[in-house]
Amino acid sequence: MIDPQTEHRRFLDHFLPVRGTLRSFLYAATRDLHEAEDLCQQVGAVLWRKFSQFDESRPFSAWAVGIARMELLKWRDRSRRAARSRSMSDDAIAALAEAAVESAATPIPEADGRSAALKDCLNRLAPRAREAIERKYRDGQPIKTIAEAQGREVGAVEMALVRARRALKQCIEQALLRTEHRDRVR
Amino acid sequence: MNDDERDILLARYFDGSATAEQVEALERAIAGDPVIARMMLIAASDELALRDGLSTAGAASLTPGAADERVSAAADGDGNGNGNGNGDGHNGHARQPNGNRPPMRLADTPAAARAEDHSDSLSIHAHPAAGRWFRQPKLWLATAACLLIAAGITYWVARPSAPPANNVASKPAPASAAPLASITGRAAGVTIERGGVAVGSDAANGISRDDIIRTASIPATFAYAGEQTRITLGPASRLKLSGDAGGKQLELASGTVFCDVQKQQPGKSLLVVTPHAKVQVVGTRFEVQTYGAWTRVNVTQGTVRVTRAADGAMIDVSAGEFVYCGKPTAGNPTRPPVGFSMIQGRDLADYWSTKVKPAGLEH
């Protein structure tokens, strides 16, 4: 008899490394953070329910993305019927799913220092850029609202956000790479 | 569509402010090009990472003027492409009486904080030019050369998009000389190409002269046999080990390299070569950053000789000094270009020379 705890642990060993890619895939397709989170939970539940059917000789990531794609298509059909929003085409979803499988094949380990690096890099941004980033990603404000709050044109805020994100990403990657290098040569 | 336009389109897509036509165009691009599909996935991942990070980071409020470090690439400009982080005086950066901004420091690298003085670290960072993926979608993610002016030039023939990380062909490796180095730690997503054949990256294979090492989404570190020198190749990077009895040579085609270099024997320096420059390492600790049209070499220990590929000009950069490398006709930036933070030190811009070979370093 299979110990449920062991089985659950085994499932998590497979699921957790690919969860990030699943979230990204679902968010890219839905453009709705809450829908993406709900779908991701749903996918997790389906994967767990069907875990006994999973063939361990095959990559879990491909199976997980396949399930996610099916749940996404079901969500899309429901959305279309409810006319809630325009949803992504089949071809685009298929292309995103392929990219997700490839990406999930080498999951990036969660870097312990990522939060600290983000905080440090955020502190390095110029005040208005930092404010725009915080309004957008912490407070969830749309760009138009941020522009009004800062007394700027929407285009200026869009560009500011793009550049701030690039700067943050570069800063974080450099910080993590230095940490990675330091840890590896010890 | 240039890189900025595409990134703005993606920003609008996730913001929900893109028009129906823009969304359709984006979806057609995603469906038609796997590289763009991958870019969309990365953009979604970045969005989520920021949301997750900011909801938990608890970053302290910024007190105007309190922070003494800035990332100059942060666009606090006017949205007309002029933003370079130095802003317009409304950023809360109080100017000093001499009209200069407060001194800003690049954070010390962990290597700089280490006490060991018999091993030195060299970091070479060839950061992919932002948005380049859209302009040349068939090339690998990271394109920037290591040392001198990156922008989109790769050393070898353009590669197809990222190779599947777990699809290394299990073919018999061509006969090779004794390994120069071997991979330490994790090797997920690393491929080694020898004689045109992909071989496994496990320690048993080792890395031989003229092997080409490629990383996928995570870094890989290898150690030279018989010494403490360690090389960490960043994600999405490509490096060839070459050299002869005269010294080691790393040919960085694209991406990032950090090197922890044990002091080399006289006359046998380690050379890092890119299509645009070469950096000779005898025993140094420095950082090289490449972004857009500029590369900056900043030395914190020892001396590095930098050769600018465009005109062969050379310069020796020592501890506490830095130099920007760009096209000779571009002049020298009077303030950090987009993508570069402020640093302290002495700018050696006036010391490039095509005629005088600097003394002091052998070779």
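Author: Start with handedness. A crossing counts as left-handed if the near helix is turned anticlockwise from the far one by less than a right angle, and as right-handed if it is turned clockwise. Keep in mind that this is a predicted model.

Now apply the term. Helix 4 of chain A and helix 2 of chain B cross in the left-handed sense. Two values place this pair.

Next, a pair within chain A. Helix 1 spans residues 4-30 of chain A, and helix 2 spans residues 33-49 of chain A. They pack at about 150°, and their axes lie 9 Å apart. Angles over 145 degrees count as roughly antiparallel, so that is the label for helix 1 and helix 2 of chain A. Their crossing is right-handed.

Helix 1 of chain A brings E7(A), H8(A), F11(A), F15(A), R19(A), L22(A), R23(A), L26(A), Y27(A) and T30(A) to this contact. Helix 2 of chain A answers with residues including L33(A), E35(A), L39(A), V43(A), L47(A) and W48(A). The contact holds 12 nonpolar, 3 polar and 5 charged residues.

Two of these residues deserve a second look. Take E35(A), which sits in helix 2 of chain A. Its side chain makes a polar contact of 2.9 Å with the side chain of W75(A). The C-alpha atoms of E35(A) and L72(A) are 9.8 Å apart, though 37 residues separate them along the chain.

Then take F11(A). First, some background on rings. The count over all chains is 14 aromatic pairs. In one of them, the ring centres of F11(A) and F51(A) are 5.3 Å apart and the planes stand at 75°, so this pair is edge-to-face. F11(A) belongs to helix 1 of chain A, while F51(A) is in the loop between helix 2 and helix 3 (60-82) of chain A, so the pair ties together parts 40 residues apart in sequence.

Conventions. Residues are numbered from 1 along each chain as its sequence is written. Chains are lettered from A and ligands numbered from 1 in the order in which they are written. This is a predicted model: local features need pLDDT of at least 70, side-chain atom pairs count only at pLDDT 80 or more; totals for chains, interfaces and linings use all residues. Side-chain values use heavy atoms; hydrogens and water are left out. Axes are lines fitted to C-alpha atoms, for helices over the stretch in contact, and angles run from 0 to 180 degrees between N-to-C directions. Helices (H or I, at least four residues) and strands (E, at least two) are DSSP runs, numbered from the N terminus. Angles under 35 degrees count as roughly parallel, over 145 as roughly antiparallel, 65 to 115 as roughly perpendicular and the rest as oblique. Contact means heavy atoms within 4.5 Å. Ala, Val, Leu, Ile, Met, Phe, Trp, Tyr, Cys and Pro count as nonpolar, Asp, Glu, Lys and Arg as charged, and the others, Gly among them, as polar. A polar contact is a pair of N or O atoms within 3.5 Å; within protein, one must be able to donate a hydrogen and the other to accept it, and residues adjacent in sequence count only if both atoms are side-chain atoms. Rings of Phe, Tyr and Trp (its six-membered ring) pair if their centres lie within 6.5 Å; planes under 30 degrees apart count as stacked, over 60 as edge-to-face and the rest as tilted.
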